[in-house]
Amino acid sequence: MDVSLLRLDATALALLGHDVALIPDSALANPTPCEGWTVADLIRHMNERHEAVNRTVLPPLDAESDDPREDFARITARWLAAAERTGPTLDLPGRGPTPTDRVLGIHFVDMLVHRWDLAAALRTALVVPGRLTDAALPLARANTAPDSPLNGPGGVYRRPVAEDPGGSAMDAVVALLGRNPRWSPPDR
């Protein structure tokens, strides 16, 4: 396993975990750029996907709380523990054996983009360290290459949207994963 990928992933999770912990109750129903999902739905989705992989390496989680924010830190800590214990491949539910480095590269980019999703939904500024976007952009390009099974129908991403040549590296990552970097929630 590429330890630098694990470090990048852990950093993205730490930043996202901080953001999740600070979400006020009043914002849980806010819409997100993920069509049809609220902030609470997005956090639950991340928790469920993490735990599905965690259970392939670790014993099942005892119990979850009623608040997905409370579970996020515990579940993502388990994700990192599972990643550290795995070998060169990880047996993903529904996908089978997958190179661990590939899983970490996809996950790292996903966590940065989900962090962007939350910032957009909450109308907060998103600060991403340059070293993270510098690492994420080539991974996002590889993850969403035209022949990638991750794109479009049956994939986990919507088709990439056109990148703005004047946009930031994070805007490009967001666009590659099928989101409009200029998305904002409807006025309430």
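**Exercises on a predicted model**

The largest cavity has a volume of about 60 Å³. The structure is a predicted model.

**Exercise 1.** State how many cavities of 30 Å³ or more the whole structure has, and describe the lining of the largest cavity.

*Solution.* Step one: a search of the whole structure gives 1 cavity of 30 Å³ or more. Step two: the lining of the largest cavity consists of V53, W79, A82, A83, T86, L90, T100, V103 and L104. Step four: at least two lining residues come from α3, and at least two from α4 (100-122).

**Exercise 2.** Determine how helix α1 is oriented relative to helix α3, and list the residues that meet.

*Solution.* Step one: the axes of α1 (residues 3-21) and α3 (residues 68-85) come within 10 Å and cross at roughly 175°. Step two: angles over 145 degrees count as roughly antiparallel, so α1 is roughly antiparallel to α3. Step three: from α1, the residues L6, D9, A10, L13, L16, G17 and V20 meet R69, F72, T76, W79, L80, A83 and E84 of α3. Step four: the residues of this contact comprise 9 nonpolar, 2 polar and 3 charged. W79 and A83 belong to this contact and also line the largest cavity.

**Exercise 3.** Describe the pairing of strands β1 and β2 and the turn between them.

*Solution.* Step one: β1 (residues 89-92) and β2 (residues 96-99) run antiparallel and are joined by 4 bridges. Step two: T89 has P99 in β2 as its bridge partner. Step three: the two strands form a hairpin with 3 residues between them. Step four: in the turn, G94 has a positive phi of about 80°.

Key. Residues are numbered from 1 along each chain as its sequence is written. This is a predicted model: local features need pLDDT of at least 70, side-chain atom pairs count only at pLDDT 80 or more; totals for chains, interfaces and linings use all residues. Side-chain values use heavy atoms; hydrogens and water are left out. Axes are lines fitted to C-alpha atoms, for helices over the stretch in contact, and angles run from 0 to 180 degrees between N-to-C directions. Angles under 35 degrees count as roughly parallel, over 145 as roughly antiparallel, 65 to 115 as roughly perpendicular and the rest as oblique. Contact means heavy atoms within 4.5 Å. Ala, Val, Leu, Ile, Met, Phe, Trp, Tyr, Cys and Pro count as nonpolar, Asp, Glu, Lys and Arg as charged, and the others, Gly among them, as polar. On a 1 Å grid over the protein atoms alone, a cavity is a set of points where a 1.4 Å probe fits but cannot get out, and a pocket is an open set with protein on both sides within 12 Å along at least five of seven lines; lining residues have an atom within 4 Å of a point. Grid points are joined across faces, edges and corners, and a volume is the space filled by probe spheres set on the points. Two strands pair if DSSP finds at least two bridges between them.
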